[in-house]
Amino acid sequence: MNISDILTQEHVVIDLGAASKGQLLHRFAKSASRSLGIDEGEIFRALSNREKLGSTGIGEGIAIPHAHLRGIAAPFFLFVRLKKPIDFESIDDIPVDIVCFLLTPTEGTATH
C-alpha cells in the first residue's frame with residue numbers, strides 16, 4: 001500500500017481553525033463518521049483512549065492521532081494544517097499545526 005492509496009485531495013484540509021486538542025479530535029471524528037458511516041462517538045472515544053496512553057504529539061509541531069477501529073476495512077487518513085497552532089501536550093511542548101489522523105481496522109494492523 002502506498003500513501004497515495006489513502007491520502008487523496010479530499011483528505012487534505014488546509015487552514016482549519018481549532019481552539020483545542022479536544023475540539024480538533026471532535027471535528028475529525030465528525031468528518032470520519034460521515035465518510036465511514038461509523039458512529040462519531042465511537043471514533044472520538046477510540047482517539048481519546050489512545051491519547052490517554054500518551055500524547056500523539058511527536059514534536060516539531062506535528063501530531064499523529066491514531067486508533068484502531070472496528071467496522072472499517074481499510075485505513076482512513078486525514079491530513080490537516082491548522083490555521084493557528086494548538087497545545088497538543090507534545091513531547092517537546094511545541095504547539096501543533098500539522099496533524100495526520102489515522103484510523104486503522106482492528107484486524108490486519110500490520111498495514112499501518
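The legends below accompany several close-up views of one predicted model.

Residues are numbered from 1 along each chain as its sequence is written. Because the model is predicted, local features need pLDDT of at least 70 and side-chain atom pairs count only at pLDDT 80 or more, while totals for chains, interfaces and linings use all residues, and side-chain values use heavy atoms, with hydrogens and water left out.

View 1. The protein chain holds three helices and six strands, where helices (H or I, at least four residues) and strands (E, at least two) are DSSP runs numbered from the N terminus. Read from the N terminus on, the elements follow the order α-β-α-α-β-β-β-β-β. Along its principal axes the C-alpha trace spans about 35 × 30 × 25 Å. The radius of gyration of the protein chain is 13 Å, which agrees with the value near 13 Å that a compact globule of 112 residues would have; this radius is taken over C-alpha atoms, and the globule rule is 2.2 Å times the number of residues to the power 0.38. Buried residues make up 39% of the 112 residues, with buried meaning under 20% relative accessible area, exposed over 50%, and partly exposed in between (1.4 Å probe, protein chains only). Among contacts (heavy atoms within 4.5 Å) between residues at least 6 apart in sequence, 65% join residues at least 24 apart.

**View 2. The largest nonpolar core, seen around L103 and F101.** A nonpolar core is a set of buried Ala, Val, Leu, Ile, Met, Phe, Trp, Tyr and Cys residues joined through side-chain atoms within 4.5 Å. The largest such core has 26 residues, of which L24, F28, I43, L82, F101 and L103 touch the most other members. Two or more residues of this core come from each of α2, α3, β4, β5 (76–86) and β6. Not counting residues up to four places away in sequence, L103 touches F28, A32, L36, I43, L47, A67, L69, I72, A74, P75 and F76. F101 lies in strand β6 and is buried, with a relative accessible area of 0%. With neighbours within four places in sequence left aside, the contacts of F101 are L24, L25, F28, P65, F76, F77, L78 and V80.

**View 3. Helix α3 and the elements that it packs against.** Helix α3 covers residues 40–53, and its end C-alpha atoms are 21 Å apart, which agrees with the 20 Å that its 14 residues should span at 1.5 Å a residue; the expected span is 1.5 Å times one less than the number of residues. At the start of the helix, a side-chain oxygen of D39 reaches to within 3.1 Å of the backbone nitrogen of G41. The buried residues of α3 are I43, F44, A46, L47, S48 and E51, and they pack against α2 (21–36), β4 (66–69) and β6 (96–105). Just after α3, G54 takes a positive phi of about 155 degrees.

View 4. T56 is found between α3 and β2 (57–59), and at 2% relative accessibility it counts as buried. The side chains of T56 and E51 are joined by a polar contact of 2.3 Å; a polar contact is a pair of N or O atoms within 3.5 Å, and within protein one must be able to donate a hydrogen and the other to accept it, while residues adjacent in sequence count only if both atoms are side-chain atoms. Leaving aside neighbours within four places in sequence, T56 is in contact with R50, E51, I62, A63, I64, P65, H66 and F88.

View 5. K21 is found in helix α2 and counts as buried at 12% relative accessibility. A polar contact of 3.2 Å joins the side chains of K21 and E89. Apart from neighbours within four places in sequence, K21 is in contact with E51, S55, I86, D87, F88 and E89.

View 6. Most residues other than glycine have a negative phi. E89, in the loop between β5 and β6, has a positive phi of about 60 degrees although it is not a glycine, and at 53% relative accessibility E89 counts as exposed. D93 is found in the loop between β5 and β6, where its phi is near 65 degrees, again a positive value in a residue other than glycine. D93 is exposed, with a relative accessible area of 65%.
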